[in-house]
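Here is a short briefing for a reader new to this structure. Look over the sequence and the model first, then read on.

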Amino acid sequence: MQFYIQQTLNALQVGSVYALIALGYTMVYGILTLINFAHGDIFMISCYVAFFFSTLVISVLAGLPPLVVFVLTMLVSMFFTALLAVVIERLAYKPLRTAPRISAVITALGIGLLLENFMVAFKPVGPAPRFMPELIPNVIYNIGGVAVSNIQIVIIVVSIVAMVILDLIVRRTMVGMAMRAISWDKFTVPLMGIPVDRIISLTFALGASIAAVGGTLYGMAYTIDPYMGIRIGWWAFISAVVGGIGNIRGAMLGGFILGFVEIFTPVFLPASTYRDFVAFSLLLVLLIFKPTGLLGRPMVQKV
Amino acid sequence: MSLLQVENMTHWFGGLRAVSEFNIDLNEGELVAIIGPNGAGKTTVFNLITGVYRPTEGKVVFQGKELVGQPTHKIIAGGIARTFQNIRLFRELTVMDNIRIANYARVHSNPLASMLRLPAFQREEQEIYDRSLEFLAIFGLDGLYDQPARNLPYGQQRRLEIARALATSPKLLLLDEPAAGMNPAEIVQLIDLILMVRKRFELTILLIEHQMRVVMGIAERIKVLDFGQTIAEGTPREIQNNPRVIEAYLGEEETA
Amino acid sequence: MIAKLWNRWKLQLILLLVLVLTILLPAVGVIDDYINLVLKYIGINIILTISLNLVNGYMGEFSVGHAGFMAVGAYTASLLTVLVVPEALNPFLFPLVIIAGGVVAGIFGLGLAFPSFRTRGDYLAIVTLAFNMIIKSALENIEAIGGPRGFMGMSKLTSLFWVFIWVVITVWLARNFIFSNYGRGVQSIREDETAAGLVSVNTRQAKVLTFVFSAFLAGIAGGLFAHELQFINPRSFTIAKSTDMLVMVYLGGIGSLGGSILGATTFTVVSEGLRSLLQVLGISQEWRQVFAPLMLILLMLFRPKGIMGLREWRFLIPQLDRKKEPPASKPQPEVAS
């Protein structure tokens, strides 16, 4: 029993990171019907921003309270990652908005690989895995035989708070309303005085910064390397599709489902190396039988 | 003799009833028009007959055979052809290829024979090529056979689309607003074209049209649709004098 | 008389001559091992590019998982060579082994054709991606064929001679397919799938044929690849490999065989040239990996149709389809005007 509680906790920890990244996939798809294949690598970059910044801060401004370092790192990572996402959107996606839809998808795929391979080749980063400096001293509590670390709690709580805030932004603010309006109808919205370009850029920025929240949290618990965009990013992408791509709450649900898939695969199958097999098979089966995902709205094909 | 019978055909899009208990009985050789305001469900009727959508309820019987549930290409190969309101040619392909593709169901060479270019395949290719070229000549398009379809002017594209539909050798032709976007001179040509193919290919024609000139000029019977419902039926003269039609449709359209 | 014969047979003669050269030149050492290798890669890449172009270019669907088919072909052929075929017969049964790899890959292609009936565009892209990932992950988990360590023991059977023969066969079959009723049907799906069905094209049949044929070719390329390297492992067949194929297709141009040949050749040569350049400059070879994705992005932004999108080399077009003088204009009765 303790074993399962422990694993559930681990699943929630991993799942919340997937959910945070999945939100970025889903928001961009919702507004542009573009699968932003580069998003996983944006997440990877956010980890490195957090890594370099926190290393710098800790060496230059030693003695800052851990909480300040943590918050500062997260904000800086959010800012630079958002900036990167907007630059990519303006340079690579925007010119293709009137081109066949598949062109932008191919471009996104290219950008993802470009970021990944660049980071591998770029000397200060390189392919080797790295540890982020300890932002918050790790404390492990033992609750009835279940080991819970404070970092684990931070990850889960901060993720959920970030998701709630995002959900509120999309549902309650003017910006969110504009986003939803654009996703429904790209043609009449500009006529109503909504600055479409700015809202689209904002969507990319929002998606990237929430991935950066995930990136900073992830770096506190695991090693980081340039291949994370594939390893973690694809899983987050599956989360978004499983939940119903374009649907924000679906992305969150999908993230946690994939968290459970990841943690419980080695429990029921011979090795953890089966996890990709399980996750992608799940994706394939779902796409064939329920292409809209669990919470997605059915698309009406116009003939 | 009855060629097409549609009985109580109803179709729902989610919560919207696009077509409601639609009935029609077409006799061989007839030319019947369906009119009605935008969004009345006219194009949906075509999509239902040709299997693009599957009707929620109802029967479609063509030459004594039930069509509901059959794949589109079989329905077309069985003798129904249609054109589109907004021209839908294979734009990047040549005029010749547009016509040849409409022979898809007629080809006997299997894929392997085609890929090995066996003599029988080559003979068949030649036949289809010659047949298509003759076909283009009927429509005055043979000089343009190697042009990509997108290069053709609007009127020619409309003509090619009708030619492509007829290349499938239909008995029944469904025309969806063929006069859309045409000027009065082009409309006169179009009417001639429709009457010509009707005679030459011994067609039965079901026509959706907004242009009253076309409808009143050539239709033998008219059916009026509004909000998915049939509100009137009759000869052009009867329709012109029907108060419900005038209210729903003609009143606003006559001035247009 | 001779001119006439020459005109009729010149293509065949040239091909025969090149075939002789593929044996002769490496044998006498005019072509060194490195050039030989690059030429073989060019050939294998041409097959891959045509394979992907059938789906992405001619049919207008979007596959990002063709490395999966390549993997199936590579593993099937390698297993046959090492475990089934007696060593003495290896060189003789090599063509059959390669075909077997293609056939098994084709069966997987059949499996992937079914989702394409219902989904297209982005969703089909995800399906193919998932397929690629599943194949790779499955190979990593089957210990009997080496798992993540890979599989080896094949003798170096892929010679320039065989590569050339397979390239010619591929181009010929693909050309015949495209310029047939089925190939025209496939292209009509790209142009407008609904309209295709409504002019009697059996779109499902066309999709199945294309996927099976395309997967078959990718499997052939995989088998040749495996018997060149004499070692394969699941990491050779990732999305990165599929991306290389995408670059070659979009560089050469969609919907063009000539484009596929040009795209594969240019990509391979530039990529190898880059290797030497980086070596000379003393820069890490890892920068080479940046090149393919960067090229893909620039192509999409500035030349989405590639070198010769939707155009074809004249000699690849069957006689019947070549542009000719306008047909003798017999006076047509003026119709409807």
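Predicted model: local features only at pLDDT ≥ 70, side-chain atom pairs only at ≥ 80, totals over all residues.

Residues are numbered from 1 along each chain as its sequence is written, while chains are lettered from A and ligands numbered from 1 in the order in which they are written.

**Helix H1 of chain B**

- Helices (H or I, at least four residues) and strands (E, at least two) are DSSP runs, numbered from the N terminus.
- A residue is buried if 20 or more other C-beta atoms lie within 10 Å of its own, exposed if 12 or fewer, and partly exposed in between; C-beta atoms are placed from the backbone.
- The buried residues of H1(B) include B:Lys42, B:Phe46 and B:Ile49.

**Chain A**

- Chain A holds 10 helices and 2 strands.
- Along the sequence, the pattern of chain A reads α-α-α-α-β-β-α-α-α-α-α-α.
- Its radius of gyration is 19 Å, close to the 19 Å that the globule rule gives for 303 residues, so chain A is as compact as a globular protein of that length.
- The radius is taken over C-alpha atoms, and the globule rule is 2.2 Å times the number of residues to the power 0.38.
- Of the 303 residues in chain A, 51% are buried.

**Chain C**

- Chain C holds 13 helices and 2 strands.
- For its 337 residues the globule rule gives 20 Å; the radius of gyration of chain C is close to that, at 21 Å, so this chain is as compact as a globular protein of that length.
- Buried residues account for 52% of chain C.
- Helix H2 (residues 33-58) and helix H11 (residues 239-252) of chain C pack at about 75 degrees, with axes 9 Å apart.
- Axes are lines fitted to C-alpha atoms, for helices over the stretch in contact, and angles run from 0 to 180 degrees between N-to-C directions.
- H2(C) and H11(C) are therefore roughly perpendicular (65 to 115 degrees; under 35 is roughly parallel, over 145 roughly antiparallel, the rest oblique).

**Where chains meet**

- Two residues are in contact if their C-beta atoms, placed from the backbone, lie within 7 Å.
- Chain B gives 42 residues and chain C gives 31 residues to their contact.
- On the side of chain B that touches chain C, H5(B) has the largest share, 6 residues.
- Chain C gives 35 residues and chain A gives 33 residues to their contact.
- On the side of chain C that touches chain A, H6(C) has the largest share, 13 residues.
- That side of chain C divides into 24 nonpolar, 8 polar and 3 charged residues.
- Ala, Val, Leu, Ile, Met, Phe, Trp, Tyr, Cys and Pro count as nonpolar, Asp, Glu, Lys and Arg as charged, and the others, Gly among them, as polar.

**The nonpolar core**

- A nonpolar core is a set of buried Ala, Val, Leu, Ile, Met, Phe, Trp, Tyr and Cys residues joined through C-beta atoms within 7 Å.
- The largest one has 276 residues; A:Leu283, B:Ala163 and C:Ala130 are among those with the most contacts inside it.
- Helix H1 (residues 2-32) of chain A supplies the largest share of this core, 16 residues.
- Leaving aside neighbours within four places in sequence, C:Ala130 contacts A:Phe280, A:Leu283 and A:Leu284.
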